[in-house]
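The entries below keep to what I looked up.

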Amino acid sequence: MRAVVQRVASASVVVDGRTVGAIDEPGLLVLVGVTHSDGPAEAAKLAAKLWGLRVLSGEKSCSDIGAPLLVVSQFTLYGDARKGRRPTWQAAAPGPVAEPLVDAVVTELRALGARVETGVFGADMKVHLVNDGPITLIIDI
């Protein structure tokens, strides 16, 4: 699994003109991509990493201060643009494989005590954010 994690002051996801997920306080926006070899173990490991990641103000984690997370599926994280001008998506897991694993990350985070908002898997989403720092990390599990 791959995640792009951004420390945000706020973030939201809009689908068809309707806000489907939002955090209105400092927390993390997490874009999650799934590849073919990923499974429940990687989802649990990613959730634990996100919950304990000390990148919030004062080197705190979401678990330290109860900060929210907005988790958005993002298959393009496994795009490969090394050749030519058009990326390939061969490394991205297909929807029927990826969707349950993105859901598993959310479920694991909530089991840890996290407040989690989400986007809509496979939808055309408009993601709005105020990056705080800016701090952006790429995490590969």
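These entries take the helix pair and then the pocket.

Entry 1, helix packing. I note at the outset that this is a predicted model. I looked up how helix α1, residues 40–52, sits against helix α3, residues 95–112, and found that the two pack at an angle of about 45°, with their axes 8 Å apart. Because angles of 65 to 115 degrees count as roughly perpendicular and those under 35 as roughly parallel, that makes α1 oblique to α3. I also recorded the handedness of the crossing, which is right-handed where α1 passes α3.

Which residues in α1 and α3 meet? From α1, I listed P40, A43, A44, L46, A47, A48, L50 and W51, and on the α3 side L101, A104, V105, E108, L109 and L112. Sorted by class, this contact has 13 nonpolar residues, 1 charged residue and no polar ones.

I then asked how much space lies in the largest pocket, and noted a volume of about 280 Å³. The lining is made of 18 residues, of which S73, Q74, F75, G122 and M125 are the closest to the pocket centre.

Of the contributors, α3 gives the most, with 3 residues. By class, I recorded 11 nonpolar, 6 polar and 1 charged residues in the lining.

Definitions and conventions. Residues are numbered from 1 along each chain as its sequence is written. This is a predicted model: local features need pLDDT of at least 70, side-chain atom pairs count only at pLDDT 80 or more; totals for chains, interfaces and linings use all residues. Side-chain values use heavy atoms; hydrogens and water are left out. Axes are lines fitted to C-alpha atoms, for helices over the stretch in contact, and angles run from 0 to 180 degrees between N-to-C directions. Helices (H or I, at least four residues) and strands (E, at least two) are DSSP runs, numbered from the N terminus. Angles under 35 degrees count as roughly parallel, over 145 as roughly antiparallel, 65 to 115 as roughly perpendicular and the rest as oblique. A crossing is left-handed if the near helix is turned anticlockwise from the far one by less than a right angle, and right-handed if clockwise. Contact means heavy atoms within 4.5 Å. Ala, Val, Leu, Ile, Met, Phe, Trp, Tyr, Cys and Pro count as nonpolar, Asp, Glu, Lys and Arg as charged, and the others, Gly among them, as polar. On a 1 Å grid over the protein atoms alone, a cavity is a set of points where a 1.4 Å probe fits but cannot get out, and a pocket is an open set with protein on both sides within 12 Å along at least five of seven lines; lining residues have an atom within 4 Å of a point. Grid points are joined across faces, edges and corners, and a volume is the space filled by probe spheres set on the points.
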